Every structure is written in structure tokens, then in C-alpha cells.
Amino acid sequence: MKASVIVFPGSNCDRDVQVALEKFQISTTMVWHQDTSLPKCDLIVLPGGFSYGDYLRCGSMASKSKVMNEVIKFANKGGYVFGICNGFQILTETGLLPGALLRNYKLKFICKDICVKTTNNQTPFTNKISVQKILTIPIAHNEGNYFASQEEINTLKENNQIVFQYCDVDGNISDQSNPNGSILNIAGIVNKNKNVLGMMPHPERVIDQILGGTDGQEIFKSLL
Amino acid sequence: MTTTVEQAKQLGLTNSEFDKIKELIGRTPNFTELGIFSAMWNEHCSYKSSRVWLSKLPTKNKYVIQGPGENAGVIDIGDNDVAIFKIESHNHPSYIEPYQGAATGVGGILRDVFTMGARPIANLNSIRFGRPSHPKTKYLLNGVVSGIAGYGNCMGIPTVGGEVEFDECYDGNILVNAMNIGLAKKDKVFLSIASGIGNPVIYVGSKTGRDGIHGASMASQEFDDNSEAKKPTVQVGDPFAEKLLLEACLELMKTDTIISIQDMGAAGLTSSSVEMASKGKLGIEIDLNKVPCRETEMQPFELMLSESQERMLIVLKEGKEQEAEKIFKKWDLDFSVIGKMTDSKNLVLYFNNKVVCNIPITSLADEAPKYNREWVSTPIPTEINIDKKLNDLDILDCLKKLLSHENQANKSWVWEQYDHMVMGDTVQRPGGDAAVIRVHGTDKALAATVDCTPRYCLAHPFTGGMQAVCETYRNLTAVGAEPRAITNCLNFGNPEKKEIMGQFVDVIKGMAEACQALDYPVISGNVSLYNETNGVGIKPTPTIGGVGLISNVNQTVNFALKSIGSHLIVIGKTKGHIYQSALCYDILHLKKGPPPSIELANEKKNSLFIRELIKQSLTNAVHDISDGGIALAIAEMCMAGKIGAKINTNKLFEDRVKFLFGEDQSRYIVEVNNKDLEKVKKLISSNNIDYLDIGITQKDHLEIDEIKISIDNMLELNNKWFINYNSK
């Protein structure tokens with residue numbers, strides 16, 4: 001397994017995800033945002049951060065960057081693309097994933113451990129996770145409130161594209177367990193072909209017990 | 001165009017200072033020159049009231065590589081690694097414009113640290129507001145927290161710790177003190193001492209605008225009812241630009257091109273150019289037409305005094321301009337050769353091919369005024385008997401009130417707005433005694449904390465200054481770290497009043513004694529005076545940032561109770577000092593009497609003992625005893641671990657209220673497994689440690705003698721304040 005991590009000038013979880021990938025022996029190349037060709041790889045990661053400052057809508061400038069043209073081509077050919085946090089925002093801005101990420105309904109940045117239920121394990125990113133398993137993974141975002149039209153939501157459901165949903169420790173998916181106001185408590189979705197995943201929680205932050213948890217490992221193990 | 005004494009006064013200079021300027025340069029300064037003098041000679045930049053006393057602080061131990069005087073201090077943490085850190089105030093701007101004031105406070109301290117060659121790895125802060133009921137407090141709290149979050153989160157540097165306090169003395173003068181810690185290699189530390197006549201002076205970063213002109217002078221004045229009018233003196237932050245500047249500077253630092261580097265902070269281009277030249281004992285020549293501008297028609301005075309953010313001044317080795325420029329272009333930043341170092345020993349500025357300033361560097365720096373202001377010491381307050389009031393108290397009610405009080409409430413509403421995990425090395429998150437951050441790629445870690453107890457400092461500044469230092473020492477100890485050095489941010493009122501100056505002097509003396517005894521020197525810091533509104537000053541608030549080293553990151557503990565049936569032991573002498581306690585001060589509003597005294601020898605002894613316990617894995621949980629005494633400390637340990645405790649005060653101490661809520665210093669509570677108890681007691685006796693075995697852990701409830709409260713109930717009380725306050 002070979003991975004490329006796209007580095008925008010305002011990316012700030014690029015090193016964190018590199019550490020996580022390498023922990024699972026996934027050889028990783030960092031790719032600068034102005035590069036126009038991608039190294040040969042099986043997986044592209046769009047890391048968390050503030051790509052170009054995100055003073056405009058989060059991820060909108062990044063979606064128009066040179067390197068994203070290549071990422072879109074790669075995804076359309078079936079390559080795995082994994083967007084975390086800002087990466088998820090960029091994926092919705094490019095149209096590789098449907099919907100949009102609005103400001104959290106309380107209008108505050110939130111950084112804390114939350115629980116998500118794995119509602120689909122039929123994807124390359126979740127195939128080693130038992131279905132319905134509850135994972136504890138931190139979120140850290142100001143714009144993670146997933147929104148899509150009713151039509152798009154229906155399509156997501158029909159195609160089984162919802163992968164993670166915010167829940168409480170017992171797995172209840174409710175308004176109380178929804179940290180940011182996302183429709184259906186959506187924390188992560190895949191595209192129709194299941195080769196593109198976007199999620200707001202940061203699995204790369206929980207791969208080491210000393211940092212507070214290991215549930216993030218399950219996603220990286222699934223990719224192997 | 002010559003200037004008048006009236007203009008000098010408008011710029012914050014005094015009659016005698018204006019006379020001194022004329023004497024130093026042998027003529028009347030022009031307007032640009034006068035502006036430069038006012039920027040360099042204000043309190044914020046010149047430390048004119050504090051310098052005499054700051055020199056009394058210990059600044060050396062075997063770990064200190066760079067003490068005060070540079071952009072930040074440097075300590076050795078082994079293996080060719082160094083930690084670089086500093087704390088700085090951004091009080092005045094944050095009161096006028098809380099979001100931008102706090103944001104640029106974070107931006108400024110970050111630049112101080114990465115200017116030295118370090119990658120910043122942890123932000124901390126100490127923020128203090130007025131009474132929650134004051135009409136501005138909610139707005140200021142929300143603005144400051146969002147501003148700190150907005151800047152640090154975008155930069156991708158975790159905000160791992162800090163303190164939040166409310167007190168009426170900050171109604172008109174909030175405090176925003178920001179600290180940053182960075183990591184560098186010992187042989188790759190960059191200083192601001194310029195050298196080499198003819199070497200090019202480079203401006204990099206964002207363009208210069210009109211924001212922040214006179215920021216430093218504003219920060220050197222008291223507020224009145226028209227403070228709102230000062231909004232234009234607050235800078236506007238752009239964390240994305242700073243992220244680019246950080247990465248570009250660190251990339252440049254890997255090349256062999258830099259002679260010296262200095263961030264443009266307070267007093268912008270003026271102080272950065274003067275400081276570099278002054279330290280190198282050289283002159284500097286700048287062509288102001290080459291400064292990248294954001295706005296049109298900017299005049300020399302504005303260019304020199306602007307405090308636009310995210311800018312650096314660099315002296316390069318001659319001929320390295322192109323190599324450096326390439327890096328800044330890659331990061332889309334401005335790069336301009338604006339001048340050179342000279343042998344004239346003067347600051348010479350050109351604008352439209354004319355000399356607009358020509359003044360000796362020494363007159364701005366070394367010759368800046370230095371005042372030995374009049375001061376009067378604060379005596380120790382006398383003890384008045386309050387036993388009668390205490391005897392009638394309902395203990396459960398006291399505990400509940402403390403848990404629900406804004407100053408003791410759970411602060412997760414604050415720190416959940418800060419990304420505290422980015423960079424993937426946060427081992428102990430906010431909310432503990434000290435944050436623990438792993439040194440990337442190693443098994444060692446740094447511990448960091450920020451502390452001050454202003455009510456102690458007001459009651460007796462000497463003891464308060466000492467206590468602030470000791471409190472950080474204790475918090476670092478509680479997570480198993482060896483305390484190495486401190487940085488300080490000294491927030492006081494108007495030093496021209498002898499009582500205030502006396503507070504400053506006494507605090508320094510108390511701090512110095514603690515630093516000396518604990519081998520725990522000051523390596524950096526800043527002074528913020530004139531924290532007064534309409535003539536009323538804040539409590540003396542010497543915020544101390546402490547940093548310690550944990551040599552094995554697996555040997556750290558937090559204060560969450562871990563198991564049922566283990567022993568709870570108080571380490572340190574319990575004497576029942578109740579004056580100035582959180583119970584008396586915040587709940588009973590009994591504000592008289594002396595703060596608890598400190599025996600520094602015991603402070604050190606108890607700390608060494610705790611560190612030994614942690615190293616030998618003889619304890620599951622350690623918590624320092626501070627605000628709210630034993631009772632609150634135990635309650636916090638129960639809530640963090642969701643495990644209860646049963647405490648029996650009978651036979652331990654005659655006065656139960658004083659025992660439970662007294663704030664005697666140098667104490668900790670440790671949780672010890674039954675199997676280790678004997679070993680621990682042996683260590684206690686061989687080290688001659690004062691202790692009390694106060695109870696055992698149990699399920700679900702905290703019981704103290706006949707009273708009983710569930711953990712869920714305590715959590716509910718402790719968690720509600722910030723949420724209720726901010727949802728109203």
C-alpha cells in the first residue's frame with residue numbers, strides 16, 4: 001500500500017496522518033499543493049487544517065487548486081481518496097462527495113472525543129470494523145455540520161453511503177449525541193463507488209494509547 | 001519640521017523625557033523621530049519602571065541556555081534538544097477588541113518562539129475577566145476565547161492548558177496572557193544580535209498597513225471611559241499568513257543564510273530594527289520606500305510605528321538574498337531588501353530619497369529612561385478571628401457552592417474551543433494539573449502550566465509572588481515532571497503610585513526567593529503596567545508559566561482516581577490556614593487576613609518525594625491541593641475518575657472546616673494501592689514527610705464523615721456554570 005498526503009500551505013494535520021499511515025507500514029509521500037502530477041500510489045489523503053486559510057468557505061479555494069485536478073482524476077479512476085476534516089470539506093467542494101459542511105449549530109469550534117457508530121463496513125476504509133461498532137474518535141472543527149438536500153440524503157441512504165454517525169456511548173443516534181447539527185448525525189460518507197471517504201472525526205489522533213485511545217487504528221487497518 | 005513638547009505629550013512622553021531627547025541628539029527631533037522615541041521609550045518597550053527590579057530575579061541554572069533579553073528563553077532538555085518559551089500580555093488590546101486582541105496576542109508569542117528557530121508545539125494562556133454580572137464580561141469572554149481559538153487552531157498548534165478567573169478587579173481591565181513553547185535543536189537557535197557591516201536587512205511576511213499604530217503606547221496608559229476610541233490601535237491578525245511565515249522561516253533556518261532574525265511585535269519596524277542594531281552595536285539604514293505596503297500614501301511615521309502582524313526582520317549573510325527570496329516566494333510571502341547594517345551606530349531612514357530620521361541607536365535603547373520609582377511595601381495583614389462564622393457552616397453546602405462557582409467550575413466550555421490535540425503529541429489534555437506534551441518522535445515529554453492566585457498577591461504581594469512560582473512547581477510535580485524554569489507575565493496597575501510600585505517590588509522579591517530556593521529560574525517574560533481604569537488598579541497578577549521535563553513519557557500520572565479500595569494520603573503539612581481561601585473569598589466574601597505562608601524547603605522536599613513515588617509507580621493519581629483545599633481536591637479526583645471516596649476527619653484535625661477547605665501550601669493528595677501502602681509509608685518516614693492518611697476510595701459517592709454526595713451530582717454542579725452563563 002502506497003499513500004500520498006496532499007499538503008496545502010495551511011494544512012496542519014499532514015504530519016499527524018503521515019505518522020499514522022507509517023505506523024501501519026503504509027509508505028507515504030507528501031505532495032505539495034502546486035504539484036501538477038501525483039506519485040504512483042493507491043491512496044490519497046487530504047489532511048485536516050485550513051488549506052488556504054479558509055477565510056472563504058472552507059475548502060472552496062483548495063477545491064480549485066492545481067493538485068485537486070489530479071486528485072479528481074485519480075478518484076474517478078477508482079483510486080482511494082480519504083478526506084479528514086478539512087479534507088472532507090474539500091471533497092464536498094469538489095463534488096466528489098455530495099452535500100456541504102456548514103458551521104456547527106452552536107457557532108463554536110469544538111475539539112473533544114465523540115462516539116461514532118460504524119453504519120457501513122462494506123467500504124475499503126471500514127472493512128475490518130464490525131458493523132454497528134462504536135468508535136471513540138476526537139473531532140476538531142468549526143464547520144462540521146453536514147447538510148444535503150432531501151434528494152441527496154435519500155440517495156445516500158439508498159446506496160448505503162453513510163459510513164459513520166454520531167452517537168452516544170451506548171450507540172444511540174439522537175439529537176443529544178449530535179455535536180454539530182449534522183443531518184442524520186452524519187459524521188462520514190462515501191461516494192457511490194465507495195472509493196472516496198470523507199469524515200469529520202480525526203482517526204489519526206487516536207492510534208496510540210498514550211494519546212488517549214486506539215480506535216482510529218481500525219480505519220488504517222482496514223486500508224491495508 | 002521640528003516638534004513641540006505638546007506633540008511629545010500627545011505621544012505619551014513627559015516634559016523631562018522630551019528634554020532628554022533634545023539633549024541626546026543635540027537638536028529638536030522631527031515628527032518621525034519623535035514618534036520613534038515615543039515607541040521605544042514607552043513602558044511596554046523600555047521597561048523603564050521595572051528594569052531596576054527585574055534584575056533581581058534569578059535567571060540561571062545548569063539548564064538555561066538563554067535567559068531574558070532575547071525573543072524567548074531557552075532551556076536544555078537533553079539529547080541536543082532545547083525548549084524555547086515565553087509568556088506575554090495582550091491585555092489592553094483584548095479589552096478594546098477581544099477577538100483580535102487575543103488572536104494577535106497568540107500570534108505575537110508564536111513569532112517570539114519561532115523567531116528563535118523553534119517549531120511551536122504548545123500554546124497556553126491565562127485569561128482573567130471581571131464579574132460575570134458586569135455588562136461586558138460575557139462579550140469579552142466569548143471574544144477572547146474565540147480569538148485564541150481562531151489563531152491557534154488555524155496555525156495547527158495545540159492549546160493545551162491555562163487558567164480562567166473572574167474577579168471584579170478586572171471589570172475594566174481584563175488580562176490576556178499568552179504563552180508558547182517550542183522545540184529546537186541546541187545548535188540551531190537563532191538570536192537577534194545583528195553583525196557584519198553591509199549585510200542586507202530583509203523584510204518578510206505580510207504587508208504593512210495602518211493597523212496597530214501606537215499599540216505599545218496605548219498599552220502603557222491607563223484606560224478611561226473613552227477607551228473604545230482606541231480601537232484603531234488594535235492590530236488585526238491573519239493566522240494563515242503566520243502559518244506561511246512560520247513554515248518559510250523554519251525552511252530558511254535550515255539553510256546557512258541568517259545572521260540574525262527578529263519579529264516585528266510591539267512598535268513594529270522601529271523596535272525590531274533598533275533592537276537588532278543595538279545588540280550588535282551597529283547602525284542600520286532603511287529605505288522606507290522599499291517596505292511592502294498594504295495601503296497607499298503611508299508616511300514614514302506610520303511605516304515605523306505600524307504594528308501590522310505577521311512580519312519579520314532578518315539580517316542575511318551578504319549574497320544570500322536570492323536563496324532566501326526563493327523560499328519566501330514559495331510560500332507566497334513578501335520579501336524585500338529594505339536596508340543594510342552600517343558602522344554609523346545610527347538609525348538612518350530614507351523616504352523619497354531624503355533622510356527622514358538620523359538618531360543614535362544608543363539614545364533609543366541604552367539611554368532610554370530608567371526610573372527607580374518610589375514604593376511602599378505591603379505588610380502582612382493581621383488575622384482576625386472568624387471561627388464563629390466558620391463553625392456554623394454546612395460542609396456539604398460549602399462544597400456544592402465551590403463546585404458551582406465560576407472560578408472552580410469545569411472549564412471545558414473554554415478549552416473545547418481550542419484544538420488541543422493537533423500535532424499528535426498531547427499526552428495530558430487540558431483540565432489536569434499540568435499539560436503533558438510528548439517531544440515528537442521521542443519517549444520524553446514536556447509538562448507545562450500557567451498559574452497565579454491574585455487574591456494572595458493583593459493580601460501580601462511578597463507571599464503571593466512566591467506562591468505563584470510554587471504553584472507552577474507543584475503542578476508540574478503532580479504530573480511527574482522535573483520543574484526546569486519559568487517565564488513570567490507581570491500584570492500590575494499604575495507604577496507611578498507608590499503602593500502599586502510596592503506591590504511590584506514585593507512580588508519580585510517573593511518570586512526571586514522561590515526561584516532561588518527551588519533552582520527554578522526566570523528565562524523570559526514581560527511586564528504589563530497601567531492596568532487601571534478610572535484610577536482603579538487590578539490586583540497584582542504575576543502570571544507564571546512553568547515548564548518541566550518528563551524523561552519517560554510512560555511515567556506520568558493525572559489526578560483521576562483509578563481503583564476502588566485504595567488509600568488517599570495527603571502529603572505535606574495541614575495547618576488549616578483558611579484566610580484568603582477560595583471558600584472565604586468567593587463563597588463567604590470574607591476577604592481579610594493573610595495568605596497561607598510557604599516554607600520553601602518543604603516545597604522542594606515534598607516535590608522530590610512525589611516525583612519519586614511517580615517514578616516508582618507507587619501512586620495511581622496525584623493532585624496538588626490548591627483552591628478549595630482538601631475537599632475540592634478530592635472532589636475533583638472523584639469526578640475525573642468517576643470513583644468515590646470515603647473520608648473520615650475524626651481524630652485528624654480539630655477544626656473540620658479549616659481542615660477541609662484550608663489552603664496550606666506545598667501539599668498533594670495521592671492515591672495509593674493497598675499493596676503499595678507499606679512501601680509508601682516507609683518512603684514517607686525515610687524522607688521525613690508530613691502526611692495524613694485520610695480515607696479510601698469507593699464506588700459512586702464522596703462521603704466526608706456524615707455527609708454524602710454522588711459523583712453525578714458533583715459533575716452536574718461542576719459542569720453547569722459555563723454552559724448556563726453562555727446560553728443566557
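**Close-up views of a predicted two-chain model**

**View 1. Surroundings of I634(B).** Neighbours within four places in sequence aside, I634(B) contacts L568(B), A645(B), I647(B), I669(B) and L702(B). Two residues are in contact if their C-beta atoms, placed from the backbone, lie within 7 Å. This is a predicted model: local features need pLDDT of at least 70, side-chain atom pairs count only at pLDDT 80 or more, and totals for chains, interfaces and linings use all residues. Residues are numbered from 1 along each chain as its sequence is written, while chains are lettered from A and ligands numbered from 1 in the order in which they are written.

**View 2. The largest nonpolar core.** This core has 299 residues. A447(B), V469(B), I634(B) and C638(B) touch the most other members. Helix α20(B) gives the largest share, 11 residues. A nonpolar core is a set of buried Ala, Val, Leu, Ile, Met, Phe, Trp, Tyr and Cys residues joined through C-beta atoms within 7 Å. Buried means 20 or more other C-beta atoms within 10 Å of the residue's own; exposed means 12 or fewer, and partly exposed lies in between, with C-beta atoms placed from the backbone. In soluble globular proteins, nonpolar side chains tend to be buried together.

**View 3. Helix α20(B) against helix α22(B).** The axes of α20 (residues 498–518) and α22 (residues 600–615) of chain B come within 10 Å and cross at roughly 45°. That angle makes α20(B) oblique to α22(B). Angles under 35 degrees count as roughly parallel, over 145 as roughly antiparallel, 65 to 115 as roughly perpendicular and the rest as oblique. Axes are lines fitted to C-alpha atoms, for helices over the stretch in contact, and angles run from 0 to 180 degrees between N-to-C directions. From α20(B), E513(B), A514(B), A517(B) and L518(B) meet L600(B), E603(B) and K604(B) of α22(B). By class, these are four nonpolar, no polar and three charged residues. Ala, Val, Leu, Ile, Met, Phe, Trp, Tyr, Cys and Pro count as nonpolar, Asp, Glu, Lys and Arg as charged, and the others, Gly among them, as polar.

**View 4. Helix α19(B) against helix α22(B).** Helix α19 (residues 461–478) of chain B packs on α22(B) at about 15°, with the axes 9 Å apart. That makes α19(B) roughly parallel to α22(B). Here the crossing is left-handed. C470(B), Y473(B), R474(B), T477(B) and A478(B) of α19(B) meet E603(B), S607(B), I610(B) and R611(B) of α22(B). The contact divides into four nonpolar, two polar and three charged residues.

**View 5. Two residues with positive phi.** N353(B) has phi near 65° and is not a glycine. N353(B) sits in the loop between β12 (346–351) and β13 (354–360) of chain B. N353(B) counts as exposed, with 7 C-beta neighbours inside 10 Å. M423(B), also not a glycine, has a positive phi of about 85°. Its loop lies between α17 (412–415) and β14 (426–428) of chain B. M423(B) counts as buried, with 24 C-beta neighbours inside 10 Å. Helices (H or I, at least four residues) and strands (E, at least two) are DSSP runs, numbered from the N terminus.

Notes. Left-handed = near helix turned anticlockwise from the far one by under 90°.
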